[in-house]
Amino acid sequence: MKKLVLLALCLTVYVGIAQTPQDVSNQPTLIKNQNNLSQETIKGMVLRVQEQVTQLANAFDEKQYDWRPSEGVRSVRESILHIAVANYFLASKLGHPAPENVDFMTMEQKITGKENVLAALKASNDFIADVISKEPTQTLAEEVDFGFAKFNRLAGLLVILEHAGEHKGQLIAYARSNGVTPPWSLQ
């Protein structure tokens, strides 16, 4: 099972890097410490996706933050904040409560204005990167109930990566629909 998880991680890293133009200033650091290999590798990939989400969030103008593809679907602003909410929610399920000043259950509804959205996204990105680093290797096999499914802690860390990647794709579609080019594809 460990070999299968390691193979899946390696494939994820390889496919992600192979399909994205390279900006060497933003590459995940090669991890040499075998004790935290899984956590630091996942954190590096999460940081990479977060950077691209942040670039997209900056590329939209303030008026485009209210754009949505149709009624009942998240707007650009709500989609960005949804990533922040999920960072706090998933961390809380892993036993890492959100900071006291963060009410992640109301963020999508209450936070408005591009600068406020970007600040909330940054705070949640910093928080989740720290959470991933704190996950002890010896507990990665423990089961956690996330409410929507039960996973081991390692799979929970991968859910954080997958969720951010899923909504990065959504934001790419939103950007293209609004004439916004993802900044990394301009390089």
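Modeller: Asparagine 87 lies in helix 3 (residues 76–93). Helices here are DSSP runs of H or I, at least four residues, and strands are runs of E, at least two, numbered from the N terminus. This is a predicted model: local features need pLDDT of at least 70, side-chain atom pairs count only at pLDDT 80 or more, and totals for chains, interfaces and linings use all residues. Residues are numbered from 1 along each chain as its sequence is written, and side-chain values use heavy atoms, with hydrogens and water left out.

Colleague: Why is asparagine 87 called buried?

Modeller: Its relative accessibility is 4%. Buried means under 20%, exposed over 50%, partly exposed in between (1.4 Å probe, protein chains only). Therefore asparagine 87 counts as buried.

Colleague: What makes lysine 150 exposed?

Modeller: Lysine 150, in strand 2 (residues 150–152), has 54% relative accessibility, so it counts as exposed.

Colleague: Which residues does lysine 150 contact, leaving aside neighbours within four places in sequence?

Modeller: Glu143, Val144 and Asp145. Contact means heavy atoms within 4.5 Å.

Colleague: Why is helix 3 called roughly parallel to helix 5?

Modeller: Helix 3 and helix 5 (residues 114–134) pack at about 25°, with axes 9 Å apart. Axes are lines fitted to C-alpha atoms over the stretch in contact, and angles run from 0 to 180 degrees between N-to-C directions. Under 35 degrees counts as roughly parallel, over 145 as roughly antiparallel, 65 to 115 as roughly perpendicular, the rest as oblique. So helix 3 is roughly parallel to helix 5. Asn87 of helix 3 and Asn125 of helix 5 are among the residues making the contact.
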